[in-house]
Amino acid sequence: MKAMSGPNSPYDPVEVAALDPVALDAAVAAAEAAFAGADSLDALKGARLVHIDRGAVAQARREIGALPPSAKADAGRRVGAALAALTT
């Protein structure tokens, strides 16, 4: 008979770092700084692509699907707030 590998750890494999409120706040701050520093429409478009369309906020939005149903609503609200902060 094989022994068990060890005690259970509090690690949750569905916990996604991109959805962490601190990470989202940092992504919003970085995007706002990039938008403020954009000196042309092309620079603004580039900042949008990097920070909204392909950046940490977009990754967080995609990662919501990996969460259990009970956590999706809260994560969706956090990501929605981050997107609203960047698009309004």
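Contact means heavy atoms within 4.5 Å of each other. Keep that in mind for this predicted model, where local features need pLDDT of at least 70, side-chain atom pairs count only at pLDDT 80 or more, and totals for chains, interfaces and linings use all residues. Residues are numbered from 1 along each chain as its sequence is written, and side-chain values use heavy atoms, leaving out hydrogens and water.

Start with Ala56. Ala56 sits in helix 3; helices are DSSP runs of H or I with at least four residues, numbered from the N terminus. Setting aside neighbours within four places in sequence, Ala56 is in contact with Ala27 and His51. Its C-alpha atom is 9.6 Å from that of Ala31, 25 residues away along the chain.

Now look at helix 1 and helix 2. Their axes come within 9 Å and cross at roughly 170°. The two helices are therefore roughly antiparallel, a label for angles over 145 degrees. Axes are lines fitted to C-alpha atoms, for helices over the stretch in contact, and angles run from 0 to 180 degrees between N-to-C directions. Helix 1 brings Ala30, Ala31, Ala34 and Phe35 to the contact, and helix 2 brings Leu44, Ala47, Arg48, His51 and Ile52.

Key:
Angles under 35 degrees count as roughly parallel, over 145 as roughly antiparallel, 65 to 115 as roughly perpendicular and the rest as oblique.
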